[in-house]
Amino acid sequence: MDILQIDRTYRNIKRYRQIIGVFISYGFGGIIEQLNIDYYLALGKSIVTLNKGGRKKLIRYTKAQRLRMALEELGPTFVKLGQLLSTRPDLIPPSIVNELKHLQDQVSPFPYADVVQVIESSLARPLAEMFPEFNREPVAAASMSQVHQARLATGELVAVKIQRPGITQTIETDIDIMMSLAYLIAKHIPELQLYDPVGIVKEFAKTIRKELDFQVEGRHLDRFGQNFADDPTVSITSVHWPFTAREVLTMGWIEGVKISERQALIDAGLDPKIVARNGATLVLRQVLEFGIFHGDPHPGNLFVLPGNVIAPLDFGIVGHLDEEQNHLVLDLLMAVINRDIRRLTNVLSAVGVIDEDRINMRELRADLYDFVDRYYNIPLQQIEVGSLIRDFIAITSHHHIRFLPDMMLLLKALMTIESVGRSLDPDFDMISHATPFVKQLLTRKMSPEYLAKVVWRRVQEFQSLVEMLPRETQEIIKKLSKGKLKIEFEHVGLDPLGKNLDRITNRLSFSLIISATIVASSLIMQTNTGFMFMGYPVLGIIGYLVAGGLGFWLAIAILRSGRI
(Lines give C-alpha, C1' and ligand atoms only; values in the text may rest on other atoms or scores of the structure.)
Protein backbone atom coordinates (compact mmCIF):
# COMPACT_ATOMS: atom_id res chain seq x y z
CA MET A 1 0.00 0.00 0.00
CA ASP A 2 1.15 3.56 -0.77
CA ILE A 3 2.75 5.14 2.33
CA LEU A 4 0.79 8.35 1.65
CA GLN A 5 -2.42 6.31 1.60
CA ILE A 6 -1.53 4.80 5.00
CA ASP A 7 -0.91 8.26 6.42
CA ARG A 8 -4.21 9.50 5.00
CA THR A 9 -6.11 6.51 6.39
CA TYR A 10 -4.60 7.05 9.86
CA ARG A 11 -5.42 10.76 9.69
CA ASN A 12 -9.00 9.96 8.64
CA ILE A 13 -9.49 7.49 11.51
CA LYS A 14 -8.24 10.01 14.06
CA ARG A 15 -10.51 12.72 12.70
CA TYR A 16 -13.39 10.22 12.34
CA ARG A 17 -13.19 9.47 16.05
CA GLN A 18 -13.14 13.17 16.88
CA ILE A 19 -16.17 13.95 14.70
CA ILE A 20 -18.28 11.10 16.06
CA GLY A 21 -17.27 11.97 19.61
CA VAL A 22 -18.39 15.59 19.15
CA PHE A 23 -21.76 14.62 17.65
CA ILE A 24 -22.43 12.16 20.47
CA SER A 25 -21.40 14.67 23.12
CA TYR A 26 -24.00 17.09 21.67
CA GLY A 27 -26.76 14.51 22.00
CA PHE A 28 -26.82 12.90 18.54
CA GLY A 29 -25.81 9.44 19.79
CA GLY A 30 -29.11 7.96 18.61
CA ILE A 31 -28.30 8.78 15.01
CA ILE A 32 -24.71 7.53 15.33
CA GLU A 33 -25.95 4.27 16.83
CA GLN A 34 -28.15 3.64 13.82
CA LEU A 35 -25.12 3.90 11.54
CA ASN A 36 -23.79 0.60 12.96
CA ILE A 37 -20.28 1.96 13.61
CA ASP A 38 -19.91 -0.06 16.79
CA TYR A 39 -16.27 0.75 17.49
CA TYR A 40 -16.76 4.50 17.27
CA LEU A 41 -20.05 4.21 19.15
CA ALA A 42 -18.21 2.64 22.07
CA LEU A 43 -15.71 5.51 21.99
CA GLY A 44 -18.51 8.06 21.88
CA LYS A 45 -20.31 6.49 24.82
CA SER A 46 -17.19 6.78 26.93
CA ILE A 47 -16.97 10.47 26.03
CA VAL A 48 -20.59 11.04 27.01
CA THR A 49 -20.12 9.15 30.26
CA LEU A 50 -17.20 11.38 31.15
CA ASN A 51 -19.21 14.49 30.35
CA LYS A 52 -22.37 14.07 32.42
CA GLY A 53 -22.30 17.70 33.56
CA GLY A 54 -22.13 18.85 29.97
CA ARG A 55 -25.08 16.68 29.02
CA LYS A 56 -27.25 18.29 31.69
CA LYS A 57 -26.38 21.73 30.33
CA LEU A 58 -27.26 20.62 26.79
CA ILE A 59 -30.85 19.86 27.83
CA ARG A 60 -31.47 23.63 27.77
CA TYR A 61 -30.74 23.77 24.04
CA THR A 62 -32.92 22.73 21.12
CA LYS A 63 -31.77 20.12 18.64
CA ALA A 64 -31.06 22.86 16.07
CA GLN A 65 -28.91 24.80 18.56
CA ARG A 66 -26.95 21.67 19.50
CA LEU A 67 -26.33 20.95 15.82
CA ARG A 68 -25.00 24.48 15.30
CA MET A 69 -22.70 24.19 18.33
CA ALA A 70 -21.38 20.80 17.14
CA LEU A 71 -20.60 22.20 13.66
CA GLU A 72 -18.80 25.20 15.19
CA GLU A 73 -16.70 22.92 17.38
CA LEU A 74 -15.74 20.73 14.41
CA GLY A 75 -14.15 23.61 12.54
CA PRO A 76 -14.16 25.36 9.16
CA THR A 77 -15.33 22.54 6.89
CA PHE A 78 -18.37 21.82 9.02
CA VAL A 79 -19.11 25.52 9.49
CA LYS A 80 -19.06 25.90 5.71
CA LEU A 81 -21.36 22.88 5.36
CA GLY A 82 -23.77 24.44 7.87
CA GLN A 83 -23.70 27.72 5.97
CA LEU A 84 -24.52 25.86 2.76
CA LEU A 85 -27.42 24.05 4.47
CA SER A 86 -28.76 27.38 5.71
CA THR A 87 -29.36 28.28 2.05
CA ARG A 88 -31.42 25.14 1.40
CA PRO A 89 -34.86 25.63 3.03
CA ASP A 90 -36.20 23.30 0.33
CA LEU A 91 -34.23 20.44 1.96
CA ILE A 92 -33.80 21.30 5.64
CA PRO A 93 -36.55 22.03 8.23
CA PRO A 94 -37.05 25.79 8.87
CA SER A 95 -36.00 25.57 12.56
CA ILE A 96 -32.57 24.19 11.59
CA VAL A 97 -32.16 26.59 8.65
CA ASN A 98 -32.81 29.60 10.92
CA GLU A 99 -30.34 28.34 13.54
CA LEU A 100 -27.60 27.59 11.01
CA LYS A 101 -27.78 31.20 9.80
CA HIS A 102 -26.15 32.10 13.15
CA LEU A 103 -23.07 29.96 12.49
CA GLN A 104 -19.98 31.89 13.45
CA ASP A 105 -16.85 31.71 11.32
CA GLN A 106 -14.63 33.14 14.08
CA VAL A 107 -11.00 32.09 13.99
CA SER A 108 -7.72 33.65 15.05
CA PRO A 109 -5.49 35.01 12.28
CA PHE A 110 -2.51 32.83 11.38
CA PRO A 111 1.04 34.11 12.03
CA TYR A 112 2.83 36.52 9.71
CA ALA A 113 5.61 33.94 9.15
CA ASP A 114 3.03 31.60 7.58
CA VAL A 115 1.72 34.48 5.45
CA VAL A 116 5.21 35.04 4.04
CA GLN A 117 5.74 31.30 3.48
CA VAL A 118 2.44 30.85 1.56
CA ILE A 119 3.00 33.94 -0.62
CA GLU A 120 6.62 33.17 -1.50
CA SER A 121 6.02 29.46 -2.18
CA SER A 122 2.95 30.23 -4.32
CA LEU A 123 4.44 33.08 -6.35
CA ALA A 124 8.07 31.87 -6.25
CA ARG A 125 9.42 35.35 -5.46
CA PRO A 126 10.43 37.18 -2.27
CA LEU A 127 7.51 39.04 -0.70
CA ALA A 128 9.48 42.31 -0.38
CA GLU A 129 10.23 42.26 -4.10
CA MET A 130 6.52 42.03 -4.99
CA PHE A 131 5.10 44.23 -2.22
CA PRO A 132 7.42 47.02 -1.00
CA GLU A 133 4.83 47.75 1.69
CA PHE A 134 2.96 44.92 3.39
CA ASN A 135 0.83 45.35 6.53
CA ARG A 136 1.72 42.54 8.94
CA GLU A 137 -1.70 42.78 10.63
CA PRO A 138 -4.63 41.31 8.62
CA VAL A 139 -7.65 43.50 7.93
CA ALA A 140 -9.92 40.41 8.00
CA ALA A 141 -9.50 36.77 9.02
CA ALA A 142 -11.77 33.83 8.21
CA SER A 143 -11.60 30.05 8.44
CA MET A 144 -10.14 29.60 4.96
CA SER A 145 -8.11 32.76 4.42
CA GLN A 146 -7.13 36.20 5.65
CA VAL A 147 -6.65 39.53 3.89
CA HIS A 148 -3.72 41.95 4.23
CA GLN A 149 -3.31 45.44 2.84
CA ALA A 150 -0.19 45.96 0.70
CA ARG A 151 1.31 48.29 -1.90
CA LEU A 152 2.78 47.30 -5.26
CA ALA A 153 6.00 48.71 -6.67
CA THR A 154 3.79 50.88 -8.92
CA GLY A 155 2.41 52.55 -5.78
CA GLU A 156 -1.06 51.01 -6.15
CA LEU A 157 -2.78 49.91 -2.94
CA VAL A 158 -3.98 46.28 -3.06
CA ALA A 159 -5.73 43.66 -0.95
CA VAL A 160 -3.85 40.33 -0.73
CA LYS A 161 -5.99 37.31 0.17
CA ILE A 162 -3.90 34.41 1.50
CA GLN A 163 -5.14 30.87 2.04
CA ARG A 164 -4.76 29.39 5.54
CA PRO A 165 -1.86 26.85 5.62
CA GLY A 166 -3.00 23.21 5.62
CA ILE A 167 -6.66 24.08 5.04
CA THR A 168 -6.86 22.06 1.81
CA GLN A 169 -5.70 18.89 3.58
CA THR A 170 -8.14 19.46 6.47
CA ILE A 171 -11.06 20.03 4.12
CA GLU A 172 -10.25 16.98 1.95
CA THR A 173 -10.06 14.76 5.06
CA ASP A 174 -13.38 16.11 6.32
CA ILE A 175 -15.05 15.66 2.92
CA ASP A 176 -13.93 11.99 2.83
CA ILE A 177 -15.46 11.43 6.25
CA MET A 178 -18.63 13.40 5.47
CA MET A 179 -19.13 11.32 2.34
CA SER A 180 -18.75 8.00 4.17
CA LEU A 181 -21.15 9.18 6.92
CA ALA A 182 -23.62 10.39 4.28
CA TYR A 183 -23.61 6.95 2.60
CA LEU A 184 -24.15 5.28 5.99
CA ILE A 185 -27.02 7.66 6.80
CA ALA A 186 -28.63 6.98 3.42
CA LYS A 187 -28.24 3.24 3.96
CA HIS A 188 -29.27 2.84 7.58
CA ILE A 189 -31.66 5.71 8.43
CA PRO A 190 -34.61 5.67 5.99
CA GLU A 191 -36.28 8.74 7.56
CA LEU A 192 -33.20 10.89 6.70
CA GLN A 193 -32.98 9.68 3.07
CA LEU A 194 -35.54 12.36 2.29
CA TYR A 195 -32.85 15.02 2.83
CA ASP A 196 -30.51 13.38 0.28
CA PRO A 197 -27.36 13.36 2.50
CA VAL A 198 -25.09 12.06 -0.29
CA GLY A 199 -26.33 14.72 -2.71
CA ILE A 200 -25.77 17.45 -0.11
CA VAL A 201 -22.16 16.38 0.53
CA LYS A 202 -21.43 16.12 -3.20
CA GLU A 203 -22.81 19.62 -3.75
CA PHE A 204 -20.81 20.91 -0.80
CA ALA A 205 -17.56 19.27 -1.98
CA LYS A 206 -17.97 20.80 -5.42
CA THR A 207 -18.58 24.27 -3.98
CA ILE A 208 -15.80 24.33 -1.40
CA ARG A 209 -13.16 22.92 -3.78
CA LYS A 210 -13.90 25.81 -6.14
CA GLU A 211 -13.53 28.24 -3.21
CA LEU A 212 -10.11 26.78 -2.44
CA ASP A 213 -8.80 27.79 -5.85
CA PHE A 214 -8.39 31.58 -5.73
CA GLN A 215 -7.68 31.64 -9.47
CA VAL A 216 -11.32 30.65 -10.00
CA GLU A 217 -12.41 33.63 -7.90
CA GLY A 218 -10.06 35.83 -9.92
CA ARG A 219 -11.69 34.68 -13.17
CA HIS A 220 -15.13 35.44 -11.68
CA LEU A 221 -13.92 38.96 -10.89
CA ASP A 222 -12.70 39.42 -14.47
CA ARG A 223 -16.02 38.23 -15.87
CA PHE A 224 -18.13 40.46 -13.62
CA GLY A 225 -15.81 43.37 -14.45
CA GLN A 226 -16.45 42.86 -18.16
CA ASN A 227 -20.23 42.52 -17.64
CA PHE A 228 -20.45 45.81 -15.72
CA ALA A 229 -17.77 47.72 -17.62
CA ASP A 230 -20.40 50.16 -19.03
CA ASP A 231 -22.38 50.56 -15.77
CA PRO A 232 -21.37 53.70 -13.81
CA THR A 233 -23.31 52.51 -10.73
CA VAL A 234 -21.12 49.44 -10.20
CA SER A 235 -17.39 49.07 -9.53
CA ILE A 236 -15.75 45.63 -9.75
CA THR A 237 -12.22 45.55 -8.43
CA SER A 238 -9.46 44.28 -10.75
CA VAL A 239 -7.22 41.24 -10.31
CA HIS A 240 -3.42 41.56 -10.42
CA TRP A 241 -2.64 38.27 -12.14
CA PRO A 242 1.20 38.43 -11.79
CA PHE A 243 0.66 38.34 -8.02
CA THR A 244 -2.14 35.76 -8.01
CA ALA A 245 -1.95 31.96 -7.69
CA ARG A 246 -4.10 29.11 -6.37
CA GLU A 247 -3.49 30.18 -2.75
CA VAL A 248 -2.96 33.93 -3.19
CA LEU A 249 -5.31 36.48 -4.74
CA THR A 250 -4.21 40.10 -5.22
CA MET A 251 -6.94 42.64 -5.99
CA GLY A 252 -7.35 46.38 -6.12
CA TRP A 253 -8.06 47.95 -2.71
CA ILE A 254 -11.67 49.05 -2.09
CA GLU A 255 -12.17 52.00 0.27
CA GLY A 256 -15.87 52.48 0.85
CA VAL A 257 -18.73 52.40 3.36
CA LYS A 258 -20.53 49.18 4.23
CA ILE A 259 -23.97 49.15 2.61
CA SER A 260 -25.63 48.15 5.91
CA GLU A 261 -24.35 51.29 7.73
CA ARG A 262 -27.13 53.74 6.80
CA GLN A 263 -26.00 56.62 8.98
CA ALA A 264 -22.39 56.29 7.79
CA LEU A 265 -23.67 56.47 4.20
CA ILE A 266 -25.55 59.69 4.96
CA ASP A 267 -22.51 61.15 6.78
CA ALA A 268 -20.42 60.39 3.70
CA GLY A 269 -22.85 62.37 1.52
CA LEU A 270 -24.43 59.27 -0.06
CA ASP A 271 -28.16 58.75 -0.71
CA PRO A 272 -29.51 55.50 0.85
CA LYS A 273 -32.52 55.47 -1.52
CA ILE A 274 -30.31 55.56 -4.60
CA VAL A 275 -27.97 53.02 -3.03
CA ALA A 276 -30.94 50.65 -2.47
CA ARG A 277 -32.00 50.94 -6.12
CA ASN A 278 -28.44 50.52 -7.42
CA GLY A 279 -27.95 47.41 -5.26
CA ALA A 280 -31.16 45.84 -6.59
CA THR A 281 -30.22 46.70 -10.18
CA LEU A 282 -26.83 45.07 -9.64
CA VAL A 283 -28.45 41.75 -8.65
CA LEU A 284 -31.25 41.84 -11.25
CA ARG A 285 -28.84 42.54 -14.12
CA GLN A 286 -26.62 39.65 -13.01
CA VAL A 287 -29.55 37.24 -12.95
CA LEU A 288 -31.75 38.34 -15.84
CA GLU A 289 -29.14 39.74 -18.23
CA PHE A 290 -25.84 37.90 -17.69
CA GLY A 291 -26.93 34.57 -16.19
CA ILE A 292 -24.11 34.64 -13.60
CA PHE A 293 -24.63 36.17 -10.18
CA HIS A 294 -22.88 36.76 -6.85
CA GLY A 295 -23.91 33.84 -4.63
CA ASP A 296 -23.49 35.60 -1.30
CA PRO A 297 -24.48 39.28 -1.53
CA HIS A 298 -24.84 39.78 2.22
CA PRO A 299 -24.25 43.34 3.56
CA GLY A 300 -20.65 42.55 4.61
CA ASN A 301 -19.77 41.88 0.97
CA LEU A 302 -21.25 45.12 -0.42
CA PHE A 303 -19.48 48.49 -0.12
CA VAL A 304 -20.58 51.89 -1.41
CA LEU A 305 -18.18 54.29 -3.10
CA PRO A 306 -18.61 58.04 -3.80
CA GLY A 307 -21.44 58.65 -6.29
CA ASN A 308 -23.59 55.86 -4.74
CA VAL A 309 -21.55 53.28 -6.65
CA ILE A 310 -21.87 49.66 -5.43
CA ALA A 311 -18.64 47.68 -5.01
CA PRO A 312 -19.27 43.96 -4.32
CA LEU A 313 -16.53 41.81 -2.76
CA ASP A 314 -15.80 38.08 -2.33
CA PHE A 315 -16.68 36.26 -5.54
CA GLY A 316 -15.79 32.79 -4.19
CA ILE A 317 -19.38 31.58 -4.62
CA VAL A 318 -21.32 32.44 -7.76
CA GLY A 319 -24.51 31.02 -9.24
CA HIS A 320 -25.25 30.33 -12.89
CA LEU A 321 -28.51 30.37 -14.81
CA ASP A 322 -28.46 29.44 -18.48
CA GLU A 323 -30.94 30.93 -20.92
CA GLU A 324 -33.39 28.06 -20.47
CA GLN A 325 -33.34 28.35 -16.66
CA ASN A 326 -33.80 32.10 -16.95
CA HIS A 327 -36.93 31.57 -18.97
CA LEU A 328 -38.18 28.94 -16.55
CA VAL A 329 -37.94 31.54 -13.78
CA LEU A 330 -39.98 33.85 -15.99
CA ASP A 331 -42.54 31.08 -16.65
CA LEU A 332 -42.81 30.52 -12.91
CA LEU A 333 -43.50 34.20 -12.33
CA MET A 334 -46.07 34.40 -15.15
CA ALA A 335 -47.86 31.27 -13.89
CA VAL A 336 -48.23 32.88 -10.44
CA ILE A 337 -49.47 36.19 -11.91
CA ASN A 338 -52.00 34.40 -14.19
CA ARG A 339 -53.05 31.94 -11.43
CA ASP A 340 -52.31 29.10 -13.86
CA ILE A 341 -51.75 26.21 -11.44
CA ARG A 342 -51.28 23.54 -14.12
CA ARG A 343 -48.53 25.60 -15.71
CA LEU A 344 -47.07 26.26 -12.28
CA THR A 345 -46.76 22.54 -11.51
CA ASN A 346 -45.24 21.91 -14.95
CA VAL A 347 -42.60 24.59 -14.34
CA LEU A 348 -41.90 23.16 -10.88
CA SER A 349 -41.19 19.81 -12.52
CA ALA A 350 -38.62 21.54 -14.71
CA VAL A 351 -36.85 23.71 -12.11
CA GLY A 352 -37.11 21.32 -9.18
CA VAL A 353 -36.66 17.64 -8.48
CA ILE A 354 -40.05 16.05 -7.88
CA ASP A 355 -40.37 12.61 -6.34
CA GLU A 356 -43.67 11.49 -7.85
CA ASP A 357 -43.89 8.55 -5.45
CA ARG A 358 -44.04 10.92 -2.47
CA ILE A 359 -46.18 13.70 -3.91
CA ASN A 360 -49.93 13.93 -3.76
CA MET A 361 -50.47 16.08 -6.86
CA ARG A 362 -54.04 16.94 -5.90
CA GLU A 363 -52.90 18.24 -2.51
CA LEU A 364 -50.01 20.13 -4.12
CA ARG A 365 -52.37 21.91 -6.54
CA ALA A 366 -54.70 22.83 -3.66
CA ASP A 367 -51.80 24.34 -1.71
CA LEU A 368 -50.63 26.27 -4.77
CA TYR A 369 -54.16 27.66 -5.26
CA ASP A 370 -54.10 28.88 -1.65
CA PHE A 371 -50.67 30.43 -2.20
CA VAL A 372 -51.74 32.31 -5.35
CA ASP A 373 -55.00 33.48 -3.73
CA ARG A 374 -53.06 34.84 -0.75
CA TYR A 375 -51.26 37.36 -2.98
CA TYR A 376 -54.06 37.99 -5.49
CA ASN A 377 -55.18 41.61 -5.98
CA ILE A 378 -52.55 42.91 -3.54
CA PRO A 379 -50.74 45.97 -4.98
CA LEU A 380 -47.23 45.01 -6.07
CA GLN A 381 -45.59 47.60 -3.84
CA GLN A 382 -47.19 45.92 -0.82
CA ILE A 383 -45.78 42.49 -1.61
CA GLU A 384 -42.56 41.57 0.14
CA VAL A 385 -40.46 39.32 -2.09
CA GLY A 386 -38.83 37.61 0.90
CA SER A 387 -42.21 36.58 2.39
CA LEU A 388 -43.48 35.44 -0.99
CA ILE A 389 -40.41 33.24 -1.56
CA ARG A 390 -40.54 31.84 1.98
CA ASP A 391 -44.24 30.92 1.59
CA PHE A 392 -43.54 29.31 -1.76
CA ILE A 393 -40.60 27.28 -0.43
CA ALA A 394 -42.67 26.17 2.58
CA ILE A 395 -45.18 24.59 0.16
CA THR A 396 -42.58 22.97 -2.10
CA SER A 397 -40.54 21.57 0.80
CA HIS A 398 -43.74 20.21 2.39
CA HIS A 399 -44.31 18.27 -0.84
CA HIS A 400 -40.65 17.15 -1.01
CA ILE A 401 -39.78 19.21 -4.09
CA ARG A 402 -36.07 20.00 -4.17
CA PHE A 403 -34.56 22.80 -6.22
CA LEU A 404 -31.30 22.91 -8.11
CA PRO A 405 -28.54 24.55 -5.98
CA ASP A 406 -28.18 27.59 -8.25
CA MET A 407 -31.91 28.22 -8.05
CA MET A 408 -31.71 28.35 -4.25
CA LEU A 409 -28.72 30.71 -4.45
CA LEU A 410 -30.83 32.94 -6.68
CA LEU A 411 -33.74 33.03 -4.24
CA LYS A 412 -31.35 33.77 -1.37
CA ALA A 413 -29.71 36.60 -3.35
CA LEU A 414 -33.12 38.16 -4.14
CA MET A 415 -34.27 37.95 -0.51
CA THR A 416 -30.99 39.41 0.76
CA ILE A 417 -30.92 42.36 -1.60
CA GLU A 418 -34.58 43.18 -0.89
CA SER A 419 -33.86 43.10 2.84
CA VAL A 420 -30.85 45.41 2.37
CA GLY A 421 -32.95 47.73 0.18
CA ARG A 422 -35.74 48.02 2.76
CA SER A 423 -33.24 48.70 5.55
CA LEU A 424 -31.94 51.66 3.49
CA ASP A 425 -35.31 52.82 2.20
CA PRO A 426 -38.50 51.59 3.95
CA ASP A 427 -40.52 52.41 0.79
CA PHE A 428 -38.25 50.36 -1.46
CA ASP A 429 -40.43 48.25 -3.81
CA MET A 430 -38.45 45.34 -5.23
CA ILE A 431 -41.21 44.08 -7.53
CA SER A 432 -41.80 47.44 -9.24
CA HIS A 433 -38.05 47.85 -9.58
CA ALA A 434 -37.76 44.41 -11.21
CA THR A 435 -40.68 44.91 -13.63
CA PRO A 436 -38.66 46.56 -16.48
CA PHE A 437 -36.09 43.75 -16.31
CA VAL A 438 -38.83 41.11 -16.45
CA LYS A 439 -40.49 42.83 -19.43
CA GLN A 440 -37.15 42.95 -21.18
CA LEU A 441 -36.65 39.22 -20.61
CA LEU A 442 -40.20 38.50 -21.79
CA THR A 443 -39.57 40.45 -25.00
CA ARG A 444 -36.36 38.53 -25.55
CA LYS A 445 -38.15 35.23 -25.02
CA MET A 446 -40.76 36.07 -27.67
CA SER A 447 -38.24 37.34 -30.20
CA PRO A 448 -37.93 35.45 -33.52
CA GLU A 449 -34.23 34.83 -32.84
CA TYR A 450 -34.93 33.06 -29.56
CA LEU A 451 -37.86 31.04 -30.98
CA ALA A 452 -35.70 29.94 -33.93
CA LYS A 453 -32.97 28.89 -31.49
CA VAL A 454 -35.47 26.80 -29.47
CA VAL A 455 -36.82 25.11 -32.60
CA TRP A 456 -33.28 24.34 -33.82
CA ARG A 457 -32.36 22.87 -30.41
CA ARG A 458 -35.40 20.57 -30.47
CA VAL A 459 -34.56 19.46 -34.01
CA GLN A 460 -31.05 18.56 -32.88
CA GLU A 461 -32.39 16.60 -29.91
CA PHE A 462 -34.80 14.72 -32.19
CA GLN A 463 -31.95 13.99 -34.60
CA SER A 464 -29.87 12.53 -31.75
CA LEU A 465 -32.82 10.38 -30.71
CA VAL A 466 -33.33 9.07 -34.25
CA GLU A 467 -29.62 8.24 -34.52
CA MET A 468 -29.50 6.53 -31.14
CA LEU A 469 -32.73 4.47 -31.35
CA PRO A 470 -31.64 1.81 -33.92
CA ARG A 471 -28.29 1.34 -32.15
CA GLU A 472 -29.88 0.86 -28.72
CA THR A 473 -32.59 -1.44 -30.14
CA GLN A 474 -29.95 -3.54 -31.86
CA GLU A 475 -28.00 -3.81 -28.59
CA ILE A 476 -31.09 -5.00 -26.68
CA ILE A 477 -31.93 -7.62 -29.34
CA LYS A 478 -28.31 -8.83 -29.32
CA LYS A 479 -28.38 -9.32 -25.52
CA LEU A 480 -31.78 -11.04 -25.74
CA SER A 481 -30.51 -13.51 -28.33
CA LYS A 482 -27.49 -14.35 -26.14
CA GLY A 483 -29.62 -14.59 -23.00
CA LYS A 484 -27.63 -11.79 -21.35
CA LEU A 485 -30.37 -9.20 -20.87
CA LYS A 486 -30.56 -8.38 -17.18
CA ILE A 487 -33.34 -6.67 -15.25
CA GLU A 488 -32.37 -5.38 -11.80
CA PHE A 489 -34.84 -5.37 -8.89
CA GLU A 490 -34.26 -3.52 -5.66
CA HIS A 491 -35.91 -4.54 -2.39
CA VAL A 492 -36.69 -1.25 -0.70
CA GLY A 493 -36.86 -1.44 3.10
CA LEU A 494 -35.73 -5.08 3.43
CA ASP A 495 -32.15 -4.24 4.41
CA PRO A 496 -32.91 -3.42 8.10
CA LEU A 497 -35.01 -6.59 8.35
CA GLY A 498 -32.09 -8.66 7.02
CA LYS A 499 -29.71 -7.13 9.55
CA ASN A 500 -32.11 -7.85 12.40
CA LEU A 501 -32.46 -11.46 11.27
CA ASP A 502 -28.65 -11.77 11.14
CA ARG A 503 -28.40 -10.38 14.67
CA ILE A 504 -31.09 -12.76 16.00
CA THR A 505 -29.49 -15.77 14.27
CA ASN A 506 -26.05 -14.92 15.71
CA ARG A 507 -27.43 -14.63 19.24
CA LEU A 508 -29.33 -17.93 18.95
CA SER A 509 -26.20 -19.68 17.64
CA PHE A 510 -24.16 -18.21 20.46
CA SER A 511 -26.74 -19.35 23.05
CA LEU A 512 -26.69 -22.89 21.62
CA ILE A 513 -22.87 -22.99 21.89
CA ILE A 514 -23.07 -21.88 25.54
CA SER A 515 -25.77 -24.48 26.28
CA ALA A 516 -23.73 -27.23 24.59
CA THR A 517 -20.65 -26.23 26.62
CA ILE A 518 -22.63 -26.41 29.88
CA VAL A 519 -24.07 -29.84 28.95
CA ALA A 520 -20.62 -31.17 27.96
CA SER A 521 -19.07 -29.81 31.18
CA SER A 522 -21.82 -31.48 33.25
CA LEU A 523 -21.17 -34.85 31.57
CA ILE A 524 -17.42 -34.50 32.26
CA MET A 525 -18.22 -33.75 35.93
CA GLN A 526 -20.11 -37.09 36.12
CA THR A 527 -17.13 -39.09 34.80
CA ASN A 528 -14.70 -38.11 37.62
CA THR A 529 -11.67 -38.79 35.36
CA GLY A 530 -8.56 -36.80 34.31
CA PHE A 531 -6.94 -34.06 36.37
CA MET A 532 -8.90 -33.26 39.52
CA PHE A 533 -9.22 -30.01 41.54
CA MET A 534 -10.98 -30.09 44.94
CA GLY A 535 -12.54 -33.40 43.89
CA TYR A 536 -13.90 -32.18 40.53
CA PRO A 537 -12.51 -32.72 36.96
CA VAL A 538 -10.47 -29.65 35.87
CA LEU A 539 -11.79 -29.90 32.29
CA GLY A 540 -15.38 -29.67 33.56
CA ILE A 541 -14.56 -26.63 35.72
CA ILE A 542 -12.92 -24.89 32.72
CA GLY A 543 -16.00 -25.65 30.62
CA TYR A 544 -18.30 -24.04 33.25
CA LEU A 545 -16.03 -20.96 33.47
CA VAL A 546 -15.93 -20.54 29.67
CA ALA A 547 -19.74 -20.94 29.41
CA GLY A 548 -20.25 -18.47 32.29
CA GLY A 549 -17.91 -15.91 30.71
CA LEU A 550 -19.56 -16.19 27.29
CA GLY A 551 -23.04 -15.98 28.84
CA PHE A 552 -22.09 -12.86 30.81
CA TRP A 553 -20.62 -11.23 27.66
CA LEU A 554 -23.80 -12.02 25.68
CA ALA A 555 -26.00 -10.55 28.44
CA ILE A 556 -23.92 -7.32 28.48
CA ALA A 557 -24.16 -7.02 24.69
CA ILE A 558 -27.96 -7.40 24.81
CA LEU A 559 -28.32 -4.85 27.63
CA ARG A 560 -26.07 -2.30 25.82
CA SER A 561 -28.10 -2.61 22.63
CA GLY A 562 -31.21 -1.58 24.60
CA ARG A 563 -33.24 -4.35 22.93
CA ILE A 564 -34.00 -6.94 25.60
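In this predicted model, Glu99 and Arg68 form a salt bridge through their side chains, with an N to O distance of 2.4 Å; a salt bridge here is a side-chain nitrogen of Lys or Arg within 4 Å of a carboxyl oxygen of Asp or Glu. The pair joins distant parts of the chain, since Glu99 belongs to helix α7 (residues 94-100) and Arg68 to helix α5 (residues 63-74), 31 residues apart. Helices are DSSP runs of H or I with at least four residues, strands are runs of E with at least two, and both are numbered from the N terminus. Both Glu99 and Arg68 are buried, meaning under 20% relative accessible area, whereas exposed means over 50% and partly exposed lies in between (1.4 Å probe, protein chains only). A network of salt bridges links Arg68, Glu72 and Glu99.

The structure contains 15 salt bridges. Among them is the contact of Lys161 with Asp314, at 3.9 Å from N to O. Lys161 is buried, at 11% relative accessible area, while Asp314 is partly exposed, at 35%. Another salt bridge joins Glu461 to Arg458, with the closest N and O atoms 3.3 Å apart. These two residues are separated by about one helical turn because they lie 3 residues apart in helix α22.

Residues are numbered from 1 along each chain as its sequence is written. Local features need pLDDT of at least 70, side-chain atom pairs count only at pLDDT 80 or more, totals for chains, interfaces and linings use all residues, and side-chain values use heavy atoms, leaving out hydrogens and water.
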